[in-house]
Amino acid sequence: MINLFEVNETNNMIEKDNLDVRTITLGLSLLDCVDSDIDKVCDKVYEKITRKAEHLVETGEEISREYGIPIVNKRISVTPVSLIGGAAAKNSDDFVKIAKTLDKAANTVGVNFLGGYSALVNQGMTPADELLIRSIPDALSQTELVCSLVNLGSTRDGINMDAVRLMGEIILQTARNTSDRDCLGCAKLVVFTNAPDNNPFMAGAFHGVTQPDAVINVGVSGPGVVKYALSKVRGADFETLCETIKKTAFKVTRVGQLVAKEASRMLDVPFGIVDLSLAPTPAIGDSVADILCEMGLEYAGAPGTTAALAMLNDQVKKGGVMASSYVGGLSGAFIPVSEDQGMIDAVEAGALTIEKLEAMTCVCSVGLDMIAIPGDTKASTISGIIADEMAIGMINQKTTAVRVIPVIGKGVGDRVEFGGLLGYAPIMPVNQFSCDAFINRTGRIPAPVHSFKN
Amino acid sequence: MEKVIITVVGKDTVGIIARVCTYLADNHINILDISQTIVSGYFNMMMVVDMGTSDKKFVDLADSLDAIGQEIGVVIHAQKEEIFDMMHRI
């Protein structure tokens, strides 16, 4: 039978080390909402979301109560909207109409975010994809809960450089459209390469076309728990370090698996995957950077950071995969800047630069995330940053992403406040040398030779 | 059997176990196991109980125990057993 020591260990993880389930995300297919009339599309979308997700929030709260574990977010991801609106949308405003409908539905059911205002344009854009992409600045400035992902490349397809160029401009325009709200629109906009279609985390969540009609995906968290466990083995060898991370990741993931199964049963929706990510928050002690420091670095960004992060990421996966039969999504350590107090401290101390973060993205689960950059950064420079990150993903057959926030009217040395889970960020300097002539070339970068596995 | 773990943590005082046990008995909830320690004046107890014999809903049990805890100055949590089983048993 369970003993007092085990009960206390679990409850200390929850109460002292910020263990939580970061999100229950209900993936919903909207393919049956397609129509040639935009108003009918909106009606069908609203009806389906509010019907299918009616009990999502209360179910999350009930599970949280039963097991004493906080479930921070309840979210929805939907089929990429460029596919849903393609037959009806004649212009970008039609897509904005769908975005507003999604926002209204998300508000009605009480979820924290809704993802899937998306286009997947790895190898080229359809007219609908392009209309949706061009509508993003308006859509994100006129809605509150809608998140947008654009997938720009993959190992199989290469990188769509026309879309990369366009997204530099779109990110900048989204910042301008939300400049009265600290450019918050860009915190809800992310570009990916090799985007997983079952990711429960925002802003990159969408419900892929290979998924069932509805599915429950759960994202766990727990950097504080890993840090606490490592503080007990200070000075120990690497084997001990790895064992400690693996055991902790196992325990954290088991909680996610339990919550996922229970949510699936209560909502009568199939269980999809557990995403075993270390997702930090701005709360003290809930930081991935603090884990790196606990391993022996003065700050995240110091020499050795990439190696430490590679090991952390790998051990989290090794511990997590045994805890759940269906692991998916992003699964690994997240390294956002604004959402992680340890990362913010590292940037402010001068230890962490965008270039070092880029190196770190080669060995962890996502990419350049929640990084505030000067508002006068050129669109082509943003596209250059995106292209570099997409190339890392393409060549290494992994997911990479870029979520940068050009903060209009602010420069290096200033700070931007997003509030809540999004935190605050010091504005980081960007390499000032031009990549205009490279970015202005048209076409795409071909798939790499190691993609030919057939 | 519907196993629930009840934990009680707080400054030690007279009658903590009595209050909790009386409430459980009144609501036909059977106690399967109790372990308890006192660390530097702080009371730390864990009970494994079976709700299968009770008409009470889990949420009501949790709320009532929370209220009793506030009354006597300790923190009482009720959690379904599965979270501990999942985490600590393969």
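Colleague: How many residues of chain B are in contact with chain A?
Modeller: The structure is a predicted model, in which local features need pLDDT of at least 70 and side-chain atom pairs count only at pLDDT 80 or more, while totals for chains, interfaces and linings use all residues. Residues are numbered from 1 along each chain as its sequence is written, and chains are lettered from A and ligands numbered from 1 in the order in which they are written. Two residues are in contact if their C-beta atoms, placed from the backbone, lie within 7 Å. On the chain A side there are 18 such residues, and on the chain B side there are 20.

Colleague: Which element gives the most to the side of chain B that touches chain A?
Modeller: Helices (H or I, at least four residues) and strands (E, at least two) are DSSP runs, numbered from the N terminus. Elements that each supply at least two residues to this side include strand S1 (3-11), helix H2 (58-72) and helix H3 (82-88) of chain B. With seven residues, the most comes from H3(B).

Colleague: Which helix supplies the largest share of the side of domain 1 of chain A that touches domain 2 of chain A?
Modeller: The domain assignment, whose bounds come from an automatic or database source, gives domain 1 (27-193) and domain 2 (218-451) in chain A. In chain A, 41 residues of domain 1 are in contact with 46 residues of domain 2. The largest share of the domain 1 side, 11 residues, is from H7(A).

Colleague: How many residues of strand S11 of chain A are buried?
Modeller: A residue is buried if 20 or more other C-beta atoms lie within 10 Å of its own, with C-beta atoms placed from the backbone. A:Thr400, A:Val402, A:Val404 and A:Pro406 point one way from S11(A), A:Ala401, A:Arg403, A:Ile405 and A:Val407 point the other way, and all are buried. The buried count for S11(A), residues 400-407, is eight of eight.

Colleague: Which residue in S11(A) is the bridge partner of A:Ile371?
Modeller: Strands pair if DSSP finds at least two bridges between them. S7(A) and S11(A) run antiparallel and are joined by three bridges, whereas S10(A), residues 368-374, runs parallel to S11(A) with six bridges. In S11(A), A:Ile371 has as its bridge partner A:Val404.

Methods. A residue is buried if 20 or more other C-beta atoms lie within 10 Å of its own, exposed if 12 or fewer, and partly exposed in between; C-beta atoms are placed from the backbone.
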